[in-house]
Amino acid sequence: MGEHEMHEIFEKNRSLLITNVVTEGHAVDIFVDEQGTIAGIGKNERKNHPGEADFIIDGDGALALPGLVNTHTHAAMTLMRGYADDMILQDWLAQKIWPLEAHLTGNDIYWGTRLACLEMIRTGTTAFNDMYFFMDEAARAVDESGIRAVLSYGFIDLNNAEKRENECRATEKLALHVRSLSNPRIKAAAGPHAIYTVSPEGLKWCAEFAREQKCGIHIHLSETEKEVTDCIAQYGKRPAAHLDTCGILTPRTVAAHCCWLDETECKLLGKRGVSASHNPVSNMKLATNRAMPYPWLSAAGTNVCLGTDGCASNNNLDMFEEAKTAALLQKFFWNNPTILPAPEALAMATANGAKALGFPTGRLAAGAPADLVLVSTRTACNTPLHNATSNLVYACSGGSVETTICNGRVLMLNCEIPGEQDVLNGAAAAARALVKRSQSA
Ligand SMILES: [Zn+2]
């Protein structure tokens with residue numbers, strides 16, 4: 001390929017023949033058609049499609065895996081990366097995060113989300129579940145970045161009827177806006193923030209809205225012990241039971257954190273088909289004092305997936321790091337090294353996440369959308385290659401990803417992302433201006 005043709009690969013969907021990659025222990029080629037679908041995967045694809053592909057990507061023995069799925073983020077919080085760390089949760093929010101958030105503009109959300117998408121592309125994530133503000137600007141950033149997202153407006157009514165009206169209208173407006181984009185990579189969801197910020201009336205409205213719109217629900221659940229004790233004091237039941245009363249627990253619901261669930265609540269989540277998003281790095285950094293009860297959730301048949309949470313409490317969006325941390329935290333907390341083995345951690349980061357968000361991705365198979373990433377084997381973390389899954393979860397990081405493809409479009413090739421420096425400059429400038437505004441206020 002000449003230099004001119006090389007750049008064309010980024011411009012739009014092209015048919016691709018990806019040769020010589022390894023998936024589930026087999027050396028295969030992958031043929032992706034112009035519609036962005038995996039049209040064939042197997043040993044003979046280069047013979048089945050001779051001369052058909054617009055581009056040939058030489059996989060050079062790389063590991064091919066489905067694009068990773070980040071099921072809980074506040075993407076634009078990338079602008080707050082490193083702004084405040086090592087604080088008590090309540091102080092951190094009240095003294096640092098909320099004062100900064102009060103000055104956020106749509107432009108900030110655009111640049112913060114562009115930066116988040118850039119980081120996700122670089123570290124192999126092709127879909128994410130986002131909850132924040134100015135979500136039409138987040139949608140613009142996702143649209144331009146080329147990855148997938150489920151976007152929800154963070155619905156917070158604080159038991160105030162007037163505020164609730166605003167939040168309902170904002171939720172409806174986002175759903176309409178996303179529909180007007182008619183982009184198959186972007187979906188809207190209802191985003192009731194949590195039981196301590198949303199009234200039962202607000203929760204019920206969100207549940208009804210999601211049922212009517214056939215869209216997802218994205219909520220925080222039982223992150224802290226205080227949330228549980230307050231809920232029992234106020235409603236006479238534990239958080240999951242309270243959410244169930246309000247109709248929030250559905251097969252389209254993603255509940256983030258789930259640290260303080262008891263065994264009965266885990267069974268309820270399993271019965272209702274809820275997806276539980278494990279956020280181990282954020283939980284450890286903010287010291288929630290309890291790990292998600294993964295053994296109870298998996299025994300109950302709950303779909304458990306992974307998320308990074310916002311960049312202010314992580315401080316990156318590397319899902320490889322998240323998968324490793326999940327496996328380590330579960331083993332350590334339950335004092336049992338057999339809990340959450342590598343294949344389960346990798347499934348949480350891929351297939352389970354795709355299922356949680358209702359995208360037909362998360363697997364490399366003919367007929368599936370081509371959301372896939374290539375991880376080089378010519379690196380220390382993949383040498384030797386006794387067990388690819390073990391290396392991916394325990395040895396590699398997102399930095400080992402060299403090529404990222406979403407819906408058949410090449411977003412990063414051999415570590416090159418077109419326009420990367422512009423996004424870095426734009427986001428850094430937005431972050432500097434945001435801090436300046438908050439300090440002069
Ligand atoms: Zn969160």
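Mentor: Axes are lines fitted to C-alpha atoms, for helices over the stretch in contact, and angles run from 0 to 180 degrees between N-to-C directions. In this predicted model, local features require a pLDDT of at least 70 and side-chain atom pairs a pLDDT of 80 or more, whereas totals for chains, interfaces and linings use all residues. Residue numbers start from 1 along each chain as its sequence is written.

Trainee: Why are α13 and α16 called roughly perpendicular to each other?

Mentor: α13 and α16 pack with their axes 7 Å apart, at an angle of about 95°. Angles of 65 to 115 degrees count as roughly perpendicular (under 35 is roughly parallel, over 145 roughly antiparallel, and the rest oblique). The two helices are therefore roughly perpendicular.

Trainee: Which residues of α13 and α16 meet?

Mentor: From α13 come F320, A323, K324 and A327, and from α16 come L392, V393 and Y394. Contact requires that the C-beta atoms, placed from the backbone, lie within 7 Å. The contact divides into six nonpolar, no polar and one charged residue. Here Ala, Val, Leu, Ile, Met, Phe, Trp, Tyr, Cys and Pro count as nonpolar, Asp, Glu, Lys and Arg as charged, and the others, Gly among them, as polar.

Trainee: What makes α6 roughly parallel to α7?

Mentor: The axes of α6 (residues 161–181) and α7 (residues 200–213) cross at roughly 20° and come within 11 Å. That angle makes α6 roughly parallel to α7. The crossing is right-handed, a term for a near helix turned clockwise from the far one by less than a right angle, anticlockwise being left-handed. R164, E167, C168, T171 and A175 of α6 make the contact with E201, G202, W205, F209 and Q213 of α7. By class, four of the contact residues are nonpolar, three polar and three charged.

Trainee: How do you know that α5 and α6 are roughly parallel to each other?

Mentor: Their axes cross at roughly 25° and come within 10 Å. α5 and α6 are therefore roughly parallel to each other. α5 passes α6 in a right-handed crossing. On α5 the contact involves M135, D136, A139 and D143, and on α6 it involves L174, H177, V178 and L181. Its classes are five nonpolar, one polar and two charged residues.

Trainee: How many helices and strands does the protein chain have?

Mentor: The protein chain has 17 helices and 16 strands. Helices (H or I, at least four residues) and strands (E, at least two) are DSSP runs, numbered from the N terminus.

Trainee: Why do β6 and β13 stand at the edges of the sheet?

Mentor: The open sheet has eight strands in the order β6-β7-β8-β9-β10-β11-β12-β13, paired in parallel. β6 (68–73) and β13 (303–306) each have a single partner strand, so one side of each lacks a neighbour in the sheet. Neighbouring strands are turned by 25° against each other on average, direction ignored.

Trainee: How many bridges join β10 to β11?

Mentor: Five bridges join β10 (residues 216–221) to β11 (residues 253–257), and these strands run parallel. Pairing requires at least two bridges found by DSSP, so β10 and β11 count as paired. Within this pair, I217 stands opposite T253 in β11.

Methods:
Contact = placed C-beta atoms within 7 Å.
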